[in-house]
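Trainee: Could you show me how to read a few local features in a model of this kind?
Mentor: Let us take them one at a time, beginning with a side chain and its surroundings.

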Amino acid sequence: MEKQLHLNLLAAKPPTPGLQSGSKLRMGPGRKKDFSPLPWSQYFETIEDVEVENENSKDTFRIYSSGSHGPVLLLLHGGGHSALSWAVFTSVICSRIDCRVVAMDLRGHGDAKVKNPDDLSAETMAKDIGKVVEVLYGENPPPIMMIGHSMGGAIAVHTAAANHVPSLLGLCVIDVVEGTAMDALNSMQNFLRSRPKTFKSVENAIEWSVKSGQIRNIESARVSMVGQVKKCEEPLSSPGVSKSISEGIIEEEEEEEGCESNHKRKKEDDQEIKKESLYTWRIELSKTEKYWEGWFKGLSSLFLSCPVPKLLLLAGIDRLDKDLTIGQMQGKFQMQVLPQCGHAVHEDAPEKVADALANFMVRHKFTEFKDGYP
């Protein structure tokens, strides 16, 4: 479990120690938090579906953008998440430096519509990114800084190594290291099985993500979780949705063994859930297992071989493996540890990540600080 806490394939981190997934998580007495979803338009300026040509089909990728000048920050999310996981970070970074932000839903995630959503191989996903950049900018793309979290970080490295983005300025990888990721693969299926299968509402999913520690920043959770869940397509009576969030979150209340009123209330709640449309995960990550090793194997040497300035942001120093430790001592990349964050570093601490990235880009003369900052 410790290794799993250090890193997993998701932008989500497993439940915090001492909390069993599926247990009832309690809010403090008398405290009501707002778990209503927030719109993308509060953080991004435009939304666009970019169509790319494949051999026998056309694939469409959802793009969220902000900014009109400066280098492009191409943002790649972690497994199970969507471009919306970058929402709060986007509003912060655009206030720090002159830049343009492009956050895309990767294949099989968010609102991407592709012929083969099950092909999540590193090679295919890296090609997707190259094609999207080509459609957006043609033969003369602007300078691009590629930034990826977890799975997205691994795909960013594969994309850079294959030279799919010829105007690449630099590379930023957030909380993904080959050694820790490979060690965590064995426990991934257990983690995925431990998550609720369905939620009674988007608000319920947002609340679970915060209470379980998946996303520690409630504002980010309120916009990010919208891209992680969808309404169930199958009938409510089918086995696939029978396990609802009845094991989810309840208000603080007195518990008495065998209390009849509590039992009655639970029965009424269960009946109410059955009347509603349930929500489930947009992607079944457990079915992508055959690609996991390909995302991470050889990642450290690939990262070190990329000939552009590189930044590695980690939630803990213990994530470094041998190759990266040697590379870091040799000055082959810049590293910064952001403690007190979960795995979703850019969601938990968007200002810290934005500051680290802004300083890195200005130091390398990729851009300039905006007037009045810092």
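Mentor: This is a predicted model, and in it a polar atom of the side chain of Ser167 lies 2.7 Å from the backbone oxygen of Pro142.

Trainee: Where is Ser167 placed, and is Ser167 buried or exposed?

Mentor: Burial is read from relative accessible area, with under 20% counting as buried. Ser167 has 16% relative accessibility and therefore counts as buried, although its place is in the loop between helix 4 (151-161) and strand 7 (168-174). Leaving aside neighbours within four places in sequence, Ser167 is in contact with Pro141, Pro142, Pro143 and Ile144.

Trainee: What is the phi of Asn163, which lies in the loop between helix 4 and strand 7?

Mentor: Asn163 is not a glycine, yet its phi is positive, at about 60 degrees; with a relative accessible area of 53%, Asn163 is exposed. Lys365, in the segment after helix 13, is not a glycine either and has a positive phi of about 60 degrees, and its relative accessible area of 72% makes it exposed.

Trainee: How should I read the crossing of helix 2 and helix 13, and which residues make the contact?

Mentor: Angles under 35 degrees count as roughly parallel and those from 65 to 115 as roughly perpendicular. The axes of helix 2 (residues 87-96) and helix 13 (residues 350-363) come within 9 Å and cross at roughly 40 degrees, so the two helices are oblique to each other, and their crossing is right-handed. Helix 2 contributes Val88, Phe89, Val92, Ile93 and Arg96 to the contact, while helix 13 contributes Pro350, Glu351, Val353, Ala354, Asp355, Leu357 and Ala358. Of these residues, nine are nonpolar, three are charged and none is polar.

Technical notes
Residues are numbered from 1 along each chain as its sequence is written. This is a predicted model: local features need pLDDT of at least 70, side-chain atom pairs count only at pLDDT 80 or more; totals for chains, interfaces and linings use all residues. Side-chain values use heavy atoms; hydrogens and water are left out. Axes are lines fitted to C-alpha atoms, for helices over the stretch in contact, and angles run from 0 to 180 degrees between N-to-C directions. Helices (H or I, at least four residues) and strands (E, at least two) are DSSP runs, numbered from the N terminus. Angles under 35 degrees count as roughly parallel, over 145 as roughly antiparallel, 65 to 115 as roughly perpendicular and the rest as oblique. A crossing is left-handed if the near helix is turned anticlockwise from the far one by less than a right angle, and right-handed if clockwise. Contact means heavy atoms within 4.5 Å. Ala, Val, Leu, Ile, Met, Phe, Trp, Tyr, Cys and Pro count as nonpolar, Asp, Glu, Lys and Arg as charged, and the others, Gly among them, as polar. Buried means under 20% relative accessible area, exposed over 50%, partly exposed in between (1.4 Å probe, protein chains only). A polar contact is a pair of N or O atoms within 3.5 Å; within protein, one must be able to donate a hydrogen and the other to accept it, and residues adjacent in sequence count only if both atoms are side-chain atoms.
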